[in-house]
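Hi,

Here is the structure I said I would pass on. Have a look at it first, and then read on for what turned up.

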Amino acid sequence: MSFKITDKVTWVGKIDWELRRFHGDEYSTNRGSSYNSYLIKDEKTVLIDTVWKPYDEEFVNNLKKEIDLNEIDYIIAQHGEIDHSGSLPLLMKEIPNTPIYCTSNGAKILKGHYHQDWNFVEVKTGDTLNIGESTLTFVEARMLHWPDSMMTYMSGENILFSNDAFGQHYASELMYNDLVDQAELYQEAIKYYANILTPFSALVGKKIEEVLSFNLPLDMIATSHGVIWRDNPTQIVLKYMEWAKSYQENQITIVYDTMWNGTRRMAEAIATGIKEADDKVAIKLFNAAHTDKNDIITELFKSKAFMFGCSTVNKGIMNAVGGLLDMIQGIGFKNKKVAAFGSYGWSGESIKILEEKLSAAKLEVVQEGIRVLWNPDEEAINNCKEFGKDFVTKL
Ligand code: FEO
């Protein structure tokens with residue numbers, strides 16, 4: 001499959017409807033994804049990025065239907081991660097001397113992955129490549145989200161090839177933002193930001209301001225995953241600016257795991273107390289063991305505050321909650337208020353451990369956690385409701 005985006009630019013990527021896990025098992029891709037590669041035909045011919053290795057033969061064969069590979073003058077490798085560079089080894093067997101434009105970090109990463117001495121041409125922000133009527137301008141986007149990440153702006157067509165930035169893991173044959181289901185698109189875009197880009201939020205705002213300062217006309221943002229933004233493409237740029245600033249909605253999320261439902265009953269009682277104190281706030285509860293971890297991270301990203309609850313098991317906490325807390329520490333949420341709760345049978349360490357992990361994630365624990373021996377009785381349920389009410393007063 002290929003399709004023309006403009007007279008000069010053709011999409012030559014791969015829509016991966018089957019993909020359900022990405023970055024190993026770290027990221028769920030419940031709606032699949034796409035690896036977007038672009039072929040530019042001006043006076044010179046340019047290929048921007050490739051696709052993930054399992055599809056390398058399909059990619060190269062499809063590319064041959066578009067062009068004699070020997071006519072490709074330049075390859076631009078905006079990012080060395082395997083989902084975009086994975087077809088380079090097969091492609092470069094056919095055209096081994098073709099220059100590969102990338103950042104200096106990109107050259108290191110590609111050499112590290114493939115151990116090939118290809119003809120790397122290192123570029124940095126502001127460097128240009130004249131390809132005929134259009135000029136390509138490179139913009140380094142270091143740590144968005146790898147050290148080598150780079151974007152490329154094409155004058156004349158006014159397209160920003162943004163690589164991972166502004167993407168979504170979202171398979172669709174429609175391929176344009178104005179044609180797809182808007183709720184699905186928003187959900188996949190915010191999940192992608194929350195899980196992949198939050199650690200780099202401080203850089204996101206600066207990079208966007210830098211790109212905007214160039215005052216370049218922008219007709220499309222052609223990402224490397226998901227749909228191409230052609231209808232009001234700046235809408236996703238503005239969303240990124242909003243998400244990058246310690247984003248929160250009027251939402252409180254309660255995440256827990258439970259062995260015999262005592263901690264679940266506590267969670268529900270706390271939610272009742274929160275609702276009694278504030279009937280406008282969105283309250284969402286998730287059993288960490290039963291819920292997609294990346295969906296929970298997305299909900300925590302949207303929250304102004306959240307709680308973690310867990311039974312005590314073997315003097316510790318349950319593994320689904322523990323895994324999420326480790327993820328949260330790495331992601332580095334800002335501006336979230338938190339508290340802990342849980343039931344126990346004899347030793348009862350879970351609250352202390354939850355609070356330590358929440359503090360280690362640099363989150364503000366706003367009140368002492370509540371723990372209940374065995375299954376909560378009516379008095380304990382009322383205490384949990386009061387705990388929820390108190391939490392609201394601390395926000
Ligand atoms: Fe889509 Fe960072 O690779």
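**What I found**

Going by the secondary structure, the chain has twelve helices and 22 strands. Keep in mind that this is a predicted model. Along the principal axes, the C-alpha atoms fill a box of roughly 80 × 40 × 35 Å. Of the 395 residues in the chain, 59% are buried. As for the contacts with a separation of 6 or more, 71% of them join residues 24 or more positions apart.

**The two domains**

How much area do domain 1 and domain 2 bury between them? The figure is about 1100 Å², with 53% of it on carbon and sulfur atoms. In terms of contacts, 14 residues of domain 1 meet twelve residues of domain 2.

Elsewhere in my notes is a salt bridge between the side chains of Lys 191 and Asp 295, with 3.8 Å from N to O.

Which elements give two or more residues to the side of domain 1 that touches domain 2? They are strand E5 (27-28) and helix H5 (182-197). H5 gives the most, with six residues. Sorted by class, that side of domain 1 has six nonpolar, five polar and three charged residues.

**A closer look at His 79**

I also looked at His 79, which sits in the loop between strand E9 (74-76) and helix H2 (82-85). Is His 79 buried or exposed? It counts as buried, because its relative accessibility is 1%.

The His 79 side chain makes a polar contact with the side chain of Asp 148 at 3.1 Å. It makes another with the side chain of Asp 164, also listed at 3.1 Å. Leaving out residues up to four places away in sequence, His 79 touches a set of residues that includes Asp 49, His 84, His 145, Trp 146 and Asn 163. Ser 85 and Ser 149 are also among them.

Cheers

Definitions and conventions
Residues are numbered from 1 along each chain as its sequence is written. This is a predicted model: local features need pLDDT of at least 70, side-chain atom pairs count only at pLDDT 80 or more; totals for chains, interfaces and linings use all residues. Side-chain values use heavy atoms; hydrogens and water are left out. Contact means heavy atoms within 4.5 Å. Buried area is the accessible area (1.4 Å probe) that two parts lose on being put together, summed over both. A salt bridge is a side-chain nitrogen of Lys or Arg within 4 Å of a carboxyl oxygen of Asp or Glu. Helices (H or I, at least four residues) and strands (E, at least two) are DSSP runs, numbered from the N terminus. Ala, Val, Leu, Ile, Met, Phe, Trp, Tyr, Cys and Pro count as nonpolar, Asp, Glu, Lys and Arg as charged, and the others, Gly among them, as polar. Buried means under 20% relative accessible area, exposed over 50%, partly exposed in between (1.4 Å probe, protein chains only). A polar contact is a pair of N or O atoms within 3.5 Å; within protein, one must be able to donate a hydrogen and the other to accept it, and residues adjacent in sequence count only if both atoms are side-chain atoms.
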